There are 2 protein chains.
Amino acid sequence: MSSIRVVKQLLEANEDCSNEVKEILARKKVFAINVMAAPGAGKTSLIIRLIEKLQPHYKAAVIEGDIAGQVDAEKLDRLGVPVVQLNTSGACHIEAMSMKKMLTYFNLDDIDVLFIENVGNLVCPAEFEIGEDMKLAIVSIPEGDDKVVKYPLLFTKADLVVFNKFDMMRFFNFNDQQAEKDALQLNPQTKVFRTSCQADGGIGTLYDEVASRISSKLEEV
Amino acid sequence: MSSIRVVKQLLEANEDCSNEVKEILARKKVFAINVMAAPGAGKTSLIIRLIEKLQPHYKAAVIEGDIAGQVDAEKLDRLGVPVVQLNTSGACHIEAMSMKKMLTYFNLDDIDVLFIENVGNLVCPAEFEIGEDMKLAIVSIPEGDDKVVKYPLLFTKADLVVFNKFDMMRFFNFNDQQAEKDALQLNPQTKVFRTSCQADGGIGTLYDEVASRISSKLEEV
């Protein structure tokens with residue numbers, strides 16, 4: 001039974017710390033977006049596309065979460081925005097404690113929007129609140145349309161769900177109407193978008209939604 | 001510090017139990033294949049293709065690991081082989097304890113090859129030995145060629161690495177030569193295969209390797 005007790009303590013400690021992060025971000029007027037998806041779903045590409053559209057209006061930054069390496073951080077660095085690589089050394093998700101620590105590497109007064117690219121994983125990242133304002137979950141078309149029902153926790157918590165690599169629809173057996181229904185059944189408040197980072201499809205519509213949420217928070221605090 | 005101690009205990013308990021599973025499988029002459037990959041990489045499809053080829057020679061069975069649901073178990077059921085669904089209720093991997101429990105649902109005297117489809121996840125399943133004879137790791141082409149370096153533990157441990165959905169090479173930026181080099185650098189003993197379950201490519205070559213390893217064990221014990 002001791003393992004169960006410890007897990008509970010970890011989750012409680014995480015929640016306390018997540019609330020601290022929320023307070024810091026509110027005080028510094030930073031909107032944080034936790035981007036979660038399976039490996040290779042297009043997290044980095046989608047963040048790049050969104051930052052390109054945000055840049056005329058908002059100052060963006062990125063926390064790049066990976067088990068190892070800095071492949072994605074290098075891609076993001078080309079945008080000229082602050083990027084900090086968080087190597088989790090084997091951990092399969094980012095926790096609020098790491099998030100709080102990572103904030104110290106940024107000048108938060110000079111950031112409006114902070115993307116957190118979580119570790120590629122549809123399971124564990126969804127369990128840990130990290131003080132974010134918005135959870136964005138991506139399913140890529142080649143993964144198949146059953147990902148929503150097979151990994152329900154993430155889609156129960158996601159504010160926005162993105163079906164990415166949508167230009168690949170003709171090659172894969174993906175019923176996007178059904179997957180959208182499944183997502184809405186898990187979370188009736190969620191909104192579903194269809195994007196292609198390569199073919200530049202649907203990014204504008206997703207950007208409009210993200211920008212509207214950012215401006216709501218930044219005007220309010 | 002208590003959390004670190006508990007994790008160590010869990011891993012030690014897992015190792016003991018993994019050894020017990022190994023003994024049971026050796027006594028019953030069952031070859032177990034732990035199939036690991038990200039969500040949607042094609043684990044179920046590849047298992048189906050391999051079983052189709054194995055069926056004339058060996059009796060196969062499947063443990064289907066999922067967080068929730070039984071979508072894949074239903075697909076496998078059509079093969080007419082014993083399939084048992086293991087719902088991990090949120091856990092992101094299969095542990096040896098679950099594996100041992102699952103074995104009681106099968107008539108092991110009537111099984112030669114047992115596939116274990118692990119939870120879709122490139123991180124955690126690699127940490128837990130489950131008494132398997134072989135670890136098969138899949139990367140699908142749409143995920144991108146950086147998955148090997150970004151999730152090194154799995155590829156350090158994998159006996160066979162499969163680049164699946166290989167018919168999609170022309171649509172995605174995937175340098176298969178480099179990814180193969182990366183896999184061999186992590187584990188010089190690993191063997192890399194290229195398959196397409198839809199286009200039926202490369203399955204025969206992979207089957208030959210799998211069948212040769214199965215027959216080695218079954219003749220030896």
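So, the contact between the two chains: chain B puts in 34 residues and chain A puts in 34 residues, where a contact means C-beta atoms, placed from the backbone, within 7 Å. Before I go on, this is a predicted model, so local features need pLDDT of at least 70, side-chain atom pairs count only at pLDDT 80 or more, and totals for chains, interfaces and linings use all residues. Residues are numbered from 1 along each chain as its sequence is written, and chains are lettered from A and ligands numbered from 1 in the order in which they are written.

Which helices of chain B each supply at least two residues of the side that touches chain A? Those are helix 1 (2–27), helix 5 (147–150) and helix 6 (152–157). Helices here are DSSP runs of H or I with at least four residues, strands are runs of E with at least two, and both are numbered from the N terminus. Helix 1 of chain B gives the largest share of that side, 4 residues. By class, the side of chain B that touches chain A has 19 nonpolar, 9 polar and 6 charged residues; Ala, Val, Leu, Ile, Met, Phe, Trp, Tyr, Cys and Pro count as nonpolar, Asp, Glu, Lys and Arg as charged, and the others, Gly among them, as polar.

How are the copies related?

Okay, the fold. Chain B has an open sheet of 7 strands, order 3-2-4-1-5-6-7, with parallel pairing; strands pair if DSSP finds at least two bridges between them. At the edges sit strand 3 (83–87) and strand 7 (191–194) of chain B, each pairing on one side only. From one strand to the next, the twist averages 20°, with axes as lines fitted to C-alpha atoms and angles from 0 to 180 degrees between N-to-C directions. Strand 2 (residues 60–66) of chain B runs parallel to strand 3 and is joined to strand 3 by 5 bridges, and B:Val62 stands opposite B:Val83 there.

Now over to chain A, strand 4 (residues 113–117), where A:Phe115 sits. Buried or exposed? A:Phe115 is buried, with 27 other C-beta atoms within 10 Å. The cut-offs: 20 or more other C-beta atoms within 10 Å is buried, 12 or fewer is exposed, in between is partly exposed. Leaving aside neighbours within four places in sequence, A:Phe115 is in contact with A:Ile33, A:Val35, A:Ile47, A:Ala60 and A:Val62.

Most residues other than glycine have a negative phi. A:Lys29 is in the loop between helix 1 (2–27) and strand 1 (31–37) of chain A, and is partly exposed, with 15 other C-beta atoms within 10 Å. A:Asp200 also has a positive phi, about 60°. Where is A:Asp200? In the loop between strand 7 (191–194) and helix 8 (203–220) of chain A, and A:Asp200 is exposed, with 11 other C-beta atoms within 10 Å.
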